[in-house]
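Reader: I have a model open and would like to learn how to read it. Could you take me through a few features?

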Amino acid sequence: MYKHLLVPTDGSALSLAAVDSAFALAKEMGASVSVVAVAEPYPTIYYTEVLQVDTLRAEFEQRSLDQSKAAVADAKTKAAALGLECDTAVVVHAEPYKAIIDQAESKGCDLIVMASNGRRGISALLLGSVTTKVLTHSKIPVLVYR
């Protein structure tokens, strides 16, 4: 059926549960898996001019990158324990949904398996969730884990 699954993760509890479910599905189908975490760059605020504080920016971006690396490392360990073929990537992108779709297309994935929501909390209500945007824009089928 499906031969190559893309599993986005942000390290949240629901995201990790989706990783586990995706791995079980991949194992059952004999599919390979790619795991991606999207580290977001520091948000820039515009008023009349750009406001940036270099120290805060560096700390934010490093923390985002560290969380993303930890999430894919955890997934890689789980995949190895299950005997799954798994590659991982950490991508820095201001729009996570685009990065997820780009990764799925570039890796030749035929299914995206992701959680219904992650760490975004209240901002997801204001901006729309990453999952909704992936569902809306992806030409590749998306399986949403609740």
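Author: Start on the outward side of helix H1, where Ala-13 and Glu-28 are exposed. Exposed means over 50% relative accessible area, buried under 20%, and partly exposed in between (1.4 Å probe, protein chains only). This is a predicted model: local features need pLDDT of at least 70, side-chain atom pairs count only at pLDDT 80 or more, and totals for chains, interfaces and linings use all residues. Residues are numbered from 1 along each chain as its sequence is written, and side-chain values use heavy atoms, leaving out hydrogens and water.

Reader: Which residues of H1 are buried?

Author: First, the general idea. An α-helix has 3.6 residues a turn, so residues three or four places apart point the same way. In H1, the buried residues are Ser-15, Ala-18, Val-19, Ala-22, Phe-23 and Ala-26. Seen down the axis, they fall within an arc of 140°, so they line one face of the helix. The arc is taken from the directions from the helix axis to the C-beta atoms. Helices (H or I, at least four residues) and strands (E, at least two) are DSSP runs, numbered from the N terminus.

Reader: Which residues have the most contacts inside the largest nonpolar core?

Author: In soluble globular proteins, nonpolar side chains tend to be buried together. A nonpolar core is a set of buried Ala, Val, Leu, Ile, Met, Phe, Trp, Tyr and Cys residues joined through side-chain atoms within 4.5 Å. The largest has 17 residues, and Val-7, Phe-23, Val-33 and Val-35 have the most contacts inside it. Strands E1 (4-8), E2 (32-39) and E6 (111-115), with helices H1 and H2 (54-82), each give two or more residues to this core. H1 gives the most, with four residues. Apart from this core lies another, of 16 residues, including Val-91 and Tyr-97.

Reader: How many salt bridges does the whole structure have?

Author: A salt bridge is a side-chain nitrogen of Lys or Arg within 4 Å of a carboxyl oxygen of Asp or Glu. The search finds four. One joins Lys-107 to Asp-87, with the closest N and O atoms 2.7 Å apart. That pair links distant parts of the chain, 20 residues apart: Lys-107 is in the loop between helix H3 (96-106) and E6, and Asp-87 is in strand E5 (residues 86-92).

Reader: What about Asp-74 and Lys-78?

Author: Their salt bridge has its closest N and O atoms 3.7 Å apart. Being four residues apart in helix H2, they are separated by about one helical turn. Asp-20, Asp-74 and Lys-78 are linked in a network of salt bridges.
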